[in-house]
Amino acid sequence: MATATKKPLTAAQFKTKVLHHLNFTSSEVDFQDNPSAVLRAVCLAVNEVVYEKLKETNAAHTEQKARSVNYLSLEYLMGRMLSNNLHNLNLFDIAQKAVADLGFELEDIFEEGHDLALGNGGLGRLAACFLDSLATLDYNAVGYGIHYQHGLFEQQFHKCRQIETPDEWREYGNPWEVCRPEAVQEIPLFGSVETQAQVDGSVKKIWHPGQIIKGVPWDVPIVGYNSKTVNVLRLWESRACSHFDWDQFNAGAYQDAHSAQNQAETISKVLYPNDETEAGKELRFIQQYFFCACSIKDIIKRYQKQYGDDWSEFANQTVIQLNDTHPTIAILELMRTLMDDYDFNWDNAWAMCRQVFAYTNHTLLPEALEKWAVSMFERVLPRHLEILYAINEQFLNHEVARMWPGDVQMRARLSLIEEGQQKMVRMAHLCVVTSFKVNGVAQIHSDLVQSDLFPEFNKLYPGKLTNVTNGVTPRRWLKACNPKLSKLLDTVVKNDWAKELSSLNAVAEYADDAKFQKKFMDIKHENKVKLAGEIHKLTGVEVNPEAIFDVQIKRLHEYKRQHLNFLHILGLYRRLLENPDYDMHPRVFIFGAKAAPGYYLAKEIIYAINKVAERINNDARIKDKLKVVFLPNYRVTLAEKIIPAADVSEQISTAGKEASGTGNMKLALNGAVTIGTLDGANVEIAEEVGDDNIFIFGNTVDQIKAMKVAGYNPWQFYEANEELKDVIDWLRGDFFTPGKPGELGAIAHSLLEGGDPYRVLADYDDYARAQEALDVAYKDSKRWARMAILNTAKMGKFTSDRSIQDYVNNIWKLTPIK
Ligand SMILES: *Cc1c(COP(=O)(O)O)cnc(C)c1O
């Protein structure tokens, strides 16, 4: 029987399964004008294979007593699932045939799918890539997160301004998730703590919660590529505990009976849309605790299923990775559980926590470092605050006092509590004190974590702070999104490069091969033609595929400096207006970015780019040498369409601000050439591709630091560069907003009167110079083809498989399932 199920499916068998689901699960006998019913049926047919493998995976994990990593993340930016799952299961070709037989193009069926957008940007997408790699490498891993009813908002432009509408990703159900009522958890909140003296003289703490919330798990299967493993992403939905208060209802208090339910369901209602900023809102805090508590209970339950009451193997079997500080409360929850529910003494509970937690730092930006008011902590989680205080006391009185005896300043600096008008809990400090490893996400970032963010902790805990450079999954970000390039690579690479990305190195030998160059660049051109169609559909703007496609796609942030790109576009426009024959290869600047709804300047930057784009795109004088398009609703699915068509990748953050970046890796992998600063993983990309195949510009981290010491004056750069002065003045007038001078003035104000916090003006000159060098390089088509090919060839390091293997070797110590 086992052999019968292992035989690869045929297209005919797959079609039979799809028809079965169309008839019996969707009762869609007449599906010809219903592609979304076909999508659902195809997903259900795939699920038959997926769930079979999931069962086998679970059995193997149990039998082999495999140590597992539990990845705790408030965000997962999964995107669509079908195409990826078909590729990973090697079912793509037969599904394509089967769907064609039913009268549809598989690609059109994909378009019916909705993104799982349960994340903001890079951090959430990293979690998604890591799950893919963990399953591909056959590691035992569970992802834990929140089952948001609404993921990241959808973005539209009205009169050039961003409008947000709610994301309804599962309005009509989601075929990839399955509810697990058998694993529901109950989570206490609020209330008070009672201290009970025990007969033996010790004290017992009893938390009397004010409210109990139910956590309902939804499992999304994670299919490894060409592997044995299907893991799960377990997402918690909040519900009221007693579903409905019938007494109240019968007494006529309909509203009150509903209100407890509404309040409970609010917890998992919506993803906070602030990327890299900490909002400090109670609901966000409760979200964090809710999902941490559900996950800790689930981790313990899974352990006990195998080991019962014997805790001796727990630390051998379990590692818990904290994706940023968002899940920090898991530490306090495990302490509380071990002591209050399982009668651990303090030392044993603490020793356990110090063995199982590890923490990934994602940012140095002060506004992103989480702090929670002690007063709120006390109201929501009174017992956890007691534990936190006890950890702090032990940490300060033993560890800090031993290293720096009598140093009160050091105590204040390292304390888990920040003193001040409003006492605050420093979540990152709790993470660093507890975790056995702390990693940054690119070498330069990890160095800065050691030298600038946590130098004292680095001294206190030598060897704890380390680096794991981020990566991206080549399955989604090359094989699935760029099928033409993938097939070309298959012809010259012997190994399965999608599983062994460093084998792309073999492509370097063809970098100067005229025939290969032509094939490579023809594919880039075909991808550009396709994207041009998409651009027209989304914006109405016609772009020429012969132009350079220059791409900046990422969240909108001052530190990412979309406004530097924007100022340079204005500079080019001025040059063209002055001289319509100005020598430049035609260029299309493509933006994609969502701004946090409350981020004023980010929204003004979107508005300004859209306004200027309108003007430039309709200016006949510049002979189509310049086009600017801002594609609405940037998300994983849109990234998959843009990236294969990109010639140029804009990675222009202020040095020291971008922890790693992963968009930079996806674009280079698809043959885009980077123009970028020495920041984040750009540094490592430059090492891999070599200085000739990347355009590096701008102030370095050290130079940025030196400017601060010397005193930074943006006016000096404004006065020194005529073009820069002209474009900034332009924004302050009414050239782009006739009759409304100053409507685009917010950017200028921030750059001059606002002090230019991200040093845009200091880098303008060198950026413009690098852009000219890039233009020269593109005009030499042989040289450009060589550069593009070498970018693809040299990206082996940046597979998330390598990142995961680094985590496994240096932090998690897992062994793969046999
Ligand atoms: C990869 C990715 C990001 C991260 O991009 P960066 O350039 O590294 O900031 C953000 N959003 C989406 C949809 C992505 O796919």
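Of the 209 residues in the largest nonpolar core, F357 and W812 touch the most other members. This is a predicted model, in which local features need pLDDT of at least 70, side-chain atom pairs count only at pLDDT 80 or more, and totals for chains, interfaces and linings use all residues. Residues are numbered from 1 along each chain as its sequence is written, and side-chain values use heavy atoms, leaving out hydrogens and water.

User: What makes a set of residues a nonpolar core?
Analyst: The set must consist of buried Ala, Val, Leu, Ile, Met, Phe, Trp, Tyr and Cys residues joined through side-chain atoms within 4.5 Å. Buried means under 20% relative accessible area, exposed over 50%, partly exposed in between (1.4 Å probe, protein chains only). Another core, of 71 residues, lies apart from the largest one and includes I569 and V760.

User: Which residues is W812 in contact with, leaving aside neighbours within four places in sequence?
Analyst: Contact means heavy atoms within 4.5 Å. W812 has such contacts with R67, V69, Y71, L134, V319, Q321, I804 and Y807.

User: Why is strand β1 called largely enclosed?
Analyst: Strands (E, at least two residues) and helices (H or I, at least four) are DSSP runs, numbered from the N terminus. Five of the five residues of β1 (residues 68–72) are buried, so the rest of the structure largely encloses this strand.

User: How do you know that β1 and β13 pair?
Analyst: Two strands pair if DSSP finds at least two bridges between them. β1 and β13 (residues 318–323) have five bridges, in the parallel sense, and V69 stands opposite V319.
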